[in-house]
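Trainee: Could you take me through one part of this model closely? I would like to look at the places where its pieces touch.

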Amino acid sequence: MHSNPSLSTRLWATALWVAVGFFVLNLLALIGSVVVSSFGTRWLGTWLPAGFTTRWYAAAWQEFQLDDVLLVTFQVAFSVVILSGLLGVPAAYAMARREFPGKRALMLLFLLPLLVPPITYGIPMATVLYQTGLGGTMAGVILANLVPTVPFVILVMIPFVEQIDPRIEDAARVFGAGTFRLFVHVLTPLLLPGVLAALLLVLVRTIAMFELTFLTAGPTSQTLVVALYYSVFAAGVRAVQAVDAMAVIYMLATLVWLVIALRFVSPTQIVSRAKQQNAH
Amino acid sequence: MSATAGPAPTLRLRLAARGLDTVTLLVLPAALVILALFLYPFLYGLWLSFRPKDGSLLGNYGRFFSDPFLYDTIWTTMRLAVPVTVLNLLLALPVAFRVRLMRRQRLLTTILILPITLGTVLVAEGMLFYFGAQGWFSRTVMTLGLSSGPVKLTNSYTGVFLSLLITGFPFTFLLTLSYVTGIDSSLEQAAATLGAGPRSRFRHIFLPLLLPGLAITFCLSFVQAYSVFPSAVLVGEPARITRVISIAAYQAAFEEYDYSMASAIAMIMGFTQLAVVVAVLASRQLAYRGPAGGGKG
Amino acid sequence: MTIHAADFRELRLEGMRRAFGTVNALKGIDLRIARGEFIALLGPSGCGKSTALNCLAGLLPLTGGSIWLDDQRIDTRRPEQRGFGMVFQNYALFPHMSVRRNVAFGLLMRGVPKAEAARRVEEALATVRLQAQADKLPGQLSGGQQQRVAIARAIAIEPPVVLMDEPLSNLDAKLRLEMRAEIRRIHEGLGSTTIYVTHDQEEALSLADRIVVMREGEIRQVGTPEELYAQPAHLDVADFMGYRNRLPGRIAGREGGLVTLDMGQGGRLTGTMREPLGETAVIAVRPDDMTTTDENASGVPATVRAIEYRGREFHGIATTSEGIDLFFHTERPVQVGTLVRLAAEPQRALVFAGEAA
């Protein structure tokens, strides 16, 4: 309703924008202070550092062995992306196209890992992984991260599959395509935009996933976010600026993929999927 | 239909008639992975929690609920999660009502996605500096003359509260926005032509239609806040005021190596948050739960 | 019926304007509507008719001009202060309220005493014949029933003016005919003033006392259905009233109000002048007024492309040598491919200014 707003309406609107502005300003300042600090020389008791330098990045790279950590991070992230795509997309297709006994129970099974926070199921899962000898290894980290990402891919892909007219598939079958060839020649091209969007979001989520990786990773299988946690936790051992430099590298590693992902999906979509799942 | 009495349908055909064919089998790998990595550990954890070191069935639970150092963590966590979630919802609702009228929502929503993407660890790291005694926030407050000495918001209840607000608000807001924009704007127009002012329109039209969605938003936001971990350690006071239940579980598992106790705490954590969720969703049954459209359209 | 429309003499729109950015959706509408009239705003989509209705309801602020109810200026009032009833295209029923509470909503907002509100709700429901469904939710009703609830809700508040925004467009053809009769019956029973937006000229012709034809944010013509049907003032109004045949030509002769046009290739038609003309003009004829003729002196030669038997007569399409399609009716069976001459009574053929269709 934007018709002849009264004074109180306008005051209310202004107050809200001030509140939102305050929130965004603090958020950007918070990120900004990390970035400024990572380029600063000495910063004590002033608005800005005494001078600017890029040496902290070299220092952080050396001290935290970031080349190793980044390598691990991307190995983990891309393995999770590929595996959750291979597992999730066919499952989403079956869930979207077939009615079968136990489908509702299966749907609940796929929903639960998204509804229960990682720290709750992460501890028993880590226990099991350590008992099987996978705890602390990269394989263990990858497996742990599959728990939220496979259901995520399934739930994002179901509506994508449903919007494809099943008659297209029937036509392909009439012309003699089996299930495998159907996937390769007909469905993959049609589903590609959805798959791409879902997998990019999986990538972002995996890079940013702290709890599960933290609970299952060993010294050689830490991802960037866990390394960042440990260095913040052990504050004082290393220069603050080096930690900030690592934080900036982490930010870049995440945001690049987010920016790419946002070209394919609208921001509200990322969250509102969760809403649709719960509406049932 | 066949002229010759055909053989009985094969097993494959009978299964297909019930919806079980090769396509259905495609769910199996994913289902097995979730069963093995999620459900099995969960059930194993449940079983393990009843096998404490002292051999008694309920030893872990007895210990948890008799030791204030442990059972207080529930209260500590609730004291953080409930107010943060309520505040987030109260802030998100009016903002969503304004934003729904905007044409260019994308920029704002993209900015708000940032904290979700960056995650709690980075936000905590930024907060340590920004809200610290020498940070920009403290300096601004002093420059404006709002405080005589430095303001330090970290390493306290406030620090964790703020970090949950920053990482939780965007999520709460985007969910609320999607519910608010889901309500057909012609309903509001109809109410206006029937004589309802802004307040009445909110009370009689929006609120009843939004309640179910707000209940779900509350639950999802609450569950996130309840499992707070990194920020409670980094910007809180993890030994005392912000010793939340996830810290207790972590310490049991990775500092005392008592996996049985850790599982018990994880189960208690899961069931307490579930209790809140069930209570909220049960009250949702009282509200209208249908499509929020204005009719056929 | 004891629900009555509120009393007033006249609703006046004076230079009503509405711009969206640089786009002028309404370019100054002037209109007087008397109490009890049924007015149809008719035009193609995007002509500004719905914008005009939303401006009247107060859902869109004006960017110029004013709206008056007798001597009270109402365009500065918010929608909740105007008290107009409105029926929305998608009905906009409150999904969480029963039919009864939907209808009672406006009375509740006005603080009408409970007993009287209950009485008026019952009457409104009786008027639309929905008493039996009063306790259902809108989602449990059919499209036609939802439509009736929307009307009952709008009339229960006894508004001076009822605004209807394409209320029948979501119904199927049979239901549309039924509801058309219903809407007219309710309008007459209540003595209310109705402003009805539609793009369907048949609906406008059958319902309205006066039709306002709009195009590109302007009023093109106001008149009774008979006036518009027989004497459209402009070519675009004629177009909307079913004058499908349009032939451009040079003016060959004038006699009183009659003008003879020369289309070349031996084509000549005489029609009634509808507006001041220059050298060239366009003649417009309805398909049922266009027929075959034996006279060689008048008419337009055209080749029959298709012919269909429709019981009492034949409907056909013929193409002139310039490639213009003409629609005609005839009682004679003519063969596809033959050359015929098509003509119309001068009173039934209208001549408008313009180069070509």
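Mentor: Happy to! Let's go through the contacts one by one, starting between two chains and then moving inside single chains. Keep in mind that this is a predicted model.

Begin where chain B meets chain A. The contact takes 77 residues from chain B and 78 residues from chain A. On the side of chain B that touches chain A, the biggest giver is helix H6, residues 106-130 of chain B, which supplies 19 residues. Sort that side of chain B by class and you find 53 nonpolar, 18 polar and six charged residues.

Now step inside chain A. Where they meet, domain 1 of chain A brings five residues and domain 2 of chain A brings six. The side belonging to domain 1 of chain A holds two nonpolar and three polar residues, with no charged ones.

Finally, turn to chain C. Its assignment also lists a domain 1, covering 10-236, and a domain 2, covering 243-353. The C-alpha centres of these two domains of chain C are 39 Å apart. In their contact, four residues of domain 1 of chain C meet seven residues of domain 2 of chain C. On the domain 1 side in chain C, three residues are nonpolar, one is polar and none is charged.

Terms used: Residues numbered from 1 in each chain as written. Chains lettered and ligands numbered in written order. Predicted model: local features only at pLDDT ≥ 70, side-chain atom pairs only at ≥ 80, totals over all residues. Contact = placed C-beta atoms within 7 Å. Nonpolar A, V, L, I, M, F, W, Y, C, P; charged D, E, K, R; others polar. Helix = DSSP H or I, 4+ residues; strand = E, 2+ residues; numbered from the N terminus. Domains from an automatic or database assignment.
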